[in-house]
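Please read this briefing alongside the sequence and the 3D structure shown below.

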Amino acid sequence: MYSRTYKTLVSSSPLLWVGLFLLLPYTLMFAHSFWAVQDGVLVHQWNLHNYLTLFSKSLYVEVLLRTMRIAASVTLCSLLLGYPLAYYLSFHAGARKELLYQFVIVPLWVSYLVRGYAWKTILGSEGVLNGFLQYLHLTHEPVAFLLYSPFAVVLVLTHIYTPFVFLPIYAALEHIPRPLVEASHDLGAGIAQTFLRVILPLSIPGLLAGATFAFVLSLGDFLAPLLVGGASGTMIANVVQSLFGAALDWPLGAAISVCILLVIISLLFFTERLEKRWSFK
Amino acid sequence: MNSSAASSTAAASSAGAVLLEVREMSKSFGARAVLKNISLNIASGEFLTLLGESGSGKTTLLRLVAGFEQPTAGAIWMSGGRLDTLPPYKRRVNTVFQNYALFPHLSVRENVAYGLRVKKTSATEIGNRVEKALRMVKMLEFADSQPSKLSGGQQQRVALARALINRPLLLLLDEPLSALDANLRKQMQSELKALQRELGITFLFVTHDQEEAMALSDRIALLRNGALEQVASPREIYAHPATAYTAQFIGQTNLLRSEIMDGTARCGVLRWPTEGPSGPAIFSLRPEAIRFASDAALAPGTARFRALLQQQFFSGASELLEVNCGGGQLLRVRISARGPLSGEHEFVFSTGDAIRVQE
């Protein structure tokens, strides 16, 4: 029905985009991870040295594990915040629904950096929170672990990614036909049973999508650890950044990136299958 | 209307003990009054239909009995206990929803088992009762299907089994047949009626389809703008509609807006003797009450008129004629099928068939 020229025209720009900004960089990254650096110069010599270094040096494994731990904590925290919020808004907010929804969305328009710095002023030793704690005489000197710790990173990332978790869950809950909830009550199930037997199972695709957002975005985050993480809160993206920057070891950085990419791809593969399993028409 | 309400209460008490009692109940959503001072009794074992146009409040009344809405005023009692203060999950009432509301993530078997599982019934009892319920609605072979794989009629059966397995005192049905095509609808009507007789469960059925209401119900409660217009058995409501609205809504009729003078009612060219004081009056004359004069013996108490045939609608066993009595006055006449007709004819009706109704 459509001419060949038309099809070429329509498909060319997305293909060009994907080729230039996705396939090409990933291919380069993949290739780099098998090359080496000698005396500060990149050598196009195929080897597995980078991967061996990566897994033999405890530093990288440790940071990688810590990153996963932080990402998992962020996912859990933002689910614990985002799900009840979405549930309340979808089922019980009534006329305030629209307004509350905007309250959740508006922070997304504020720059990440601004929010990161805001937490810095809250958590710092001269910060709002420490001042408040001392004012209440709960502590006599600033609490140190508030800032520059994995805790601070989890806190900031949770703050930033909770809306991302909230949105797909809210959408999933909004799509649950209300007669199903009524049918459940009608058949004798109270509020808790209805939640566990009907609402939760039907919101699993949204829950998985939200959890995937939080986990994947946290896994690759480098701004939050940079702003509030300190030495103990360093994440894998910071390592990659320094390897590509100051350390000038692109091949090792590329090898780490490939590892992260593999983790993310397998995770996406897994959650997509789960989501399909829990999707019902 | 008062007389018919009284006689319907009598009908209810003769059918069995009162199961459900709606007492002077009103329901408003904000400033909009959806139900106005409804009082209605349902007898145990009765098939009662709430009939009305969309917006008449019939579904709201059903939802109040189910517990999905709270009355603004008044109360509902069931078997001597207050019902409207209980949450839906504590009422011995189950609902068949308009679009069935089957749980999409559960199989047919799990859907039907839901109510028992929630009540922590033993696994063996659940197994037995689910099988029995599915056999009753002829869906046993689909026990392991997902609801989305079923046709509308099959989903309907599963919804019925899911509700009935809980042995409710009262089954609520919210336009359960409206999503089915005409043939299946007729079949399901007959199955529903048979099921209700067999189980002896009280049915509160909501529909906008007066034919369905007539075919199924022991009594019909006709709602109009949130108020009960008339409550009576199908035969009574058809033969003695209390109001012009009822007469038009239930079946087809000719509404004769007449003037009574000295014992004679006049409407256009029609004249017939009637009792009652002089003044304006409305009569309902069913199309089948009018016959060809040639078919009827000359008898006292009949009225005759000549009219020109305008339209003829054939519908199998009978046909509907639209005749012009002159002066633009159109009447509908139902006769048994007799082939194409034309021209002017003389018609006759028994004056007793012209039923006086309220505005």
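In chain B, four strands form an open, antiparallel sheet in the order 2-1-4-5, where strands (E, at least two residues) and helices (H or I, at least four) are DSSP runs numbered from the N terminus, and two strands pair if DSSP finds at least two bridges between them. This is a predicted model, in which local features need pLDDT of at least 70 and side-chain atom pairs count only at pLDDT 80 or more, while totals for chains, interfaces and linings use all residues. Residues are numbered from 1 along each chain as its sequence is written, and chains are lettered from A and ligands numbered from 1 in the order in which they are written.

**The sheet of chain B**
- Strand 2 (32–43) and strand 5 (81–82) of chain B stand at the edges with a single partner strand each, so one side of each has no neighbour in the sheet.
- Strand 1 (residues 18–29) and strand 4 (residues 73–78) of chain B run antiparallel and are joined by five bridges, and B:Arg23 has B:Ala75 in strand 4 as its bridge partner.

**The contact between the chains**
- Chain A gives 17 residues to the contact and chain B gives 18, with two residues counted as in contact if their C-beta atoms, placed from the backbone, lie within 7 Å.
- On the side of chain B that touches chain A, strand 6 (93–96) and helix 3 (108–118) of chain B each supply at least two residues, and the largest share, three residues, comes from helix 3 of chain B.
- That side of chain B divides into 10 nonpolar, seven polar and one charged residue; Ala, Val, Leu, Ile, Met, Phe, Trp, Tyr, Cys and Pro count as nonpolar, Asp, Glu, Lys and Arg as charged, and the others, Gly among them, as polar.

**The build of chain A**
- Chain A has 12 helices and two strands, and its C-alpha atoms fill a box of roughly 75 × 75 × 35 Å along the principal axes.
- Helix 3 (residues 58–92) of chain A has 35 residues and should span 51 Å at 1.5 Å a residue, which agrees with the 50 Å between its end C-alpha atoms; the expected span is 1.5 Å times one less than the number of residues.
- Helix 3 of chain A is followed by A:Gly94, which has a positive phi, near 60°.

**Confidence in chain A**
- The mean pLDDT of chain A is 91, and 100% of its residues reach 70 or more, pLDDT being the predictor's confidence in each residue, from 0 to 100.
- Within chain A, confidence is lowest in helix 6 (residues 128–135), at a mean of 82, and highest in helix 8 (residues 178–186), at 96.
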